[in-house]
Amino acid sequence: HGEMPVPTGVATLNALPSYAIYRSRFYCVGMWTDNLVIDEHFRVHRQGILPPTVVPVATATGGPGRTGSCVIRIAFYDELTDEWSPLSSPSLPVALANNICITSNIPATSTDPRVSHVGVWVSMNGASFRLATKRQLGVTSIAESVATLALGIAFFPTFERFPHGMFNAIYHERQVMAGDMSHLDVLYVSALFHPERYEGLSFRTRNGEAIVAIVPTRDICLVMTATGAYGLRGWTEDDMELQPIDLDIGCTGHQGCQVIHGNAWIPSPKTIFLYNGAFHDVLKDRRTEWQEI
């Protein structure tokens, strides 16, 4: 905490931390009042950038430029992690007739110190919002005349910050998280390749049991409750599913689980289980000693 201070307003909880590593970044939950990320530049930030709260204003001037009905949204950007915030609310439409478009009412600062740039995203005639340009944070208006067919990438599917979690893991290029105190039976899954973005993909345990551990191993992510074991499989929103494996095998907690040579070791109230495609009791005749502990 001395060398890498947490963001202003983040407090430490009386809870164990959980860490998941993805592409040289540490995604940290549990021990703090917010989900955190430590990037490869040794900066500590809240996971996810909040969108600008202001509504941009679009006006037409001069030319040459674009023609058509133009709506503007803006978004914050962190150039060191290539991470965007969600889009702001949309401007009122402006009719362009071979005009330059000026976007004003841009916030000159952000409450999030990781933000380095602000981007202007343009929708022409009701089409998807596409990147027109981005500028370093500090400008309050931007003039651009990027041709409609030359606009950049389309904005991403709608996303937001994760709910606060108590433990997490990386599975199939996504961050999976659980422990939301309002929904203890829900497993939250991030956008593919974007662990900080939550697009709404989630799964509930079959009988409403609270999730107590997440253990990715081989091609499955074990999702443990105090009394049972579920398995998350799949890569996309279309094929991912959470199914019961054995509802008579529980787990004592996330921090006690380990993966060794691809095999998951799961402490339960009854014994210690090894999972290598099936659950195996590794204590056998020593269960009594384990249960007494």
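Biologist: Is Cys101 buried or exposed?
Modeller: Cys101 is buried, at 0% relative accessibility. Buried here means under 20% relative accessible area, exposed means over 50%, and partly exposed is in between, with a 1.4 Å probe and protein chains only. This is a predicted model, where local features need pLDDT of at least 70, side-chain atom pairs count only at pLDDT 80 or more, and totals for chains, interfaces and linings use all residues. Residues are numbered from 1 along each chain as its sequence is written, and side-chain values use heavy atoms, with hydrogens and water left out.

Biologist: How many disulfides are there?
Modeller: The count is zero, taking a disulfide as a pair of cysteine sulfur atoms within 2.5 Å. For Cys101, the nearest cysteine sulfur belongs to Cys70 and is 4.1 Å away.

Biologist: How many bridges join strand 5 to strand 8?
Modeller: Eight, and the two run antiparallel, strand 8 being residues 117-124. Ile74 stands opposite Val120 of strand 8.

Biologist: What about strand 6, how many bridges there?
Modeller: Strand 6 (residues 83-84) pairs with strand 5 over two bridges, also in the antiparallel sense. Tyr77 has Trp84 as its bridge partner in strand 6. The two strands form a hairpin with four residues between them, and Asp82 in the turn has a positive phi of about 55 degrees.

Biologist: Where is Thr133, and what does Thr133 touch?
Modeller: Thr133 is in strand 9 (residues 130-136). Leaving out residues up to four places away in sequence, Thr133 touches Val118, Gly119, Val120, Ile142 and Glu144, where contact means heavy atoms within 4.5 Å. The C-alpha atoms of Thr133 and Val118 are separated by 8.7 Å, the residues being 15 apart along the chain.

Biologist: Is Thr133 buried or exposed?
Modeller: Thr133 counts as buried because its relative accessible area is 13%.

Biologist: Different topic. Is Ile21 buried or exposed?
Modeller: Ile21 is exposed, with a relative accessible area of 55%. Ile21 lies in strand 1 (residues 18-22).

Methods: Two strands pair if DSSP finds at least two bridges between them.
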